[in-house]
Amino acid sequence: HSQLLRYMAPEVAVSKPYSHRSEVFSFATILWEMAAHQRPYSQFFRHASGSTLSFAHPSVVTKPPLFM
């Protein structure tokens with residue numbers, strides 16, 4: 001289930017009340033993944049061993065993905 005955190009709005013991930021805005025966040029994240037051809041927030045996660053995810057330092061993105 002840790003992979004699903006990529007698509008969750010922050011308030012949903014920490015079990016706080018949420019609204020339709022949380023759904024919009026998740027949908028927009030999926031649209032971004034389709035447009036960028038990358039996993040969302042991949043700069044924050046790396047596979048340590050097995051299915052465990054651990055925090056990694058983010059890298060700075062200087063250019064948005066190119067559309068073809």
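Modeller: A contact means that heavy atoms lie within 4.5 Å of each other. In this protein, which is a predicted model, 26% of the contacts between residues at least 6 apart in sequence join residues at least 24 apart.

Colleague: What makes up the fold, and in which order do the elements run?

Modeller: There are two helices and two strands. From the N terminus on, the order is α-α-β-β.

Colleague: How much of the protein is buried?

Modeller: Of the 68 residues, 15% are buried. The accessible surface comes to about 5,800 Å², and carbon and sulfur atoms account for 65% of it.

Colleague: Why is S26 called buried?

Modeller: S26 has a relative accessibility of 19%. Buried means under 20%, so S26 counts as buried. S26 sits in helix α2 and touches Y7, M8 and A9, leaving out residues up to four places away in sequence.

Colleague: F25 is in helix α2 as well. Is F25 buried, partly exposed or exposed, and why?

Modeller: F25 has a relative accessibility of 27%. Partly exposed covers the range between the 20% limit for buried and the 50% limit for exposed, so F25 is called partly exposed.

Colleague: How do you know that F25 and A9 come together in space?

Modeller: The C-alpha atoms of F25 and A9 are 5.9 Å apart, although the two residues are 16 apart in sequence. A9 is also among the contacts of F25, along with Y7, M8, P10 and Y41, once neighbours within four places are left aside.

Colleague: Which backbone oxygen lies 2.8 Å from a polar atom of the R6 side chain?

Modeller: That oxygen belongs to P40.

Colleague: What makes S15 stand out in its backbone?

Modeller: Most residues other than glycine have a negative phi. S15 is not a glycine, yet its phi is positive, at about 60 degrees. S15 lies in the loop between α1 and α2. Its relative accessible area is 70%, and the limit for exposed is over 50%, so S15 is exposed.

Colleague: Where is H37, and why is H37 called exposed?

Modeller: H37 lies in the loop between α2 and β1. Its relative accessibility is 71%, which is over 50%, so H37 counts as exposed. Phi of H37 is positive too, near 60 degrees.

Colleague: Q38 is found in the loop between α2 and β1. Why is Q38 called partly exposed?

Modeller: Q38 has 39% relative accessibility. With limits of 20% and 50%, that value falls in between, so Q38 is partly exposed. Leaving aside neighbours within four places in sequence, Q38 is in contact with W32 and E33.

Methods: Residues numbered from 1 in each chain as written. Predicted model: local features only at pLDDT ≥ 70, side-chain atom pairs only at ≥ 80, totals over all residues. Heavy atoms only, no water. Helix = DSSP H or I, 4+ residues; strand = E, 2+ residues; numbered from the N terminus. Buried < 20%, exposed > 50% of the residue type's maximum accessible area, 1.4 Å probe, protein only. Areas by Shrake-Rupley, 256 points an atom, 1.4 Å probe, with all protein chains shown as cover. Polar contact = N/O pair within 3.5 Å; in protein donor to acceptor, adjacent residues only side chain to side chain.
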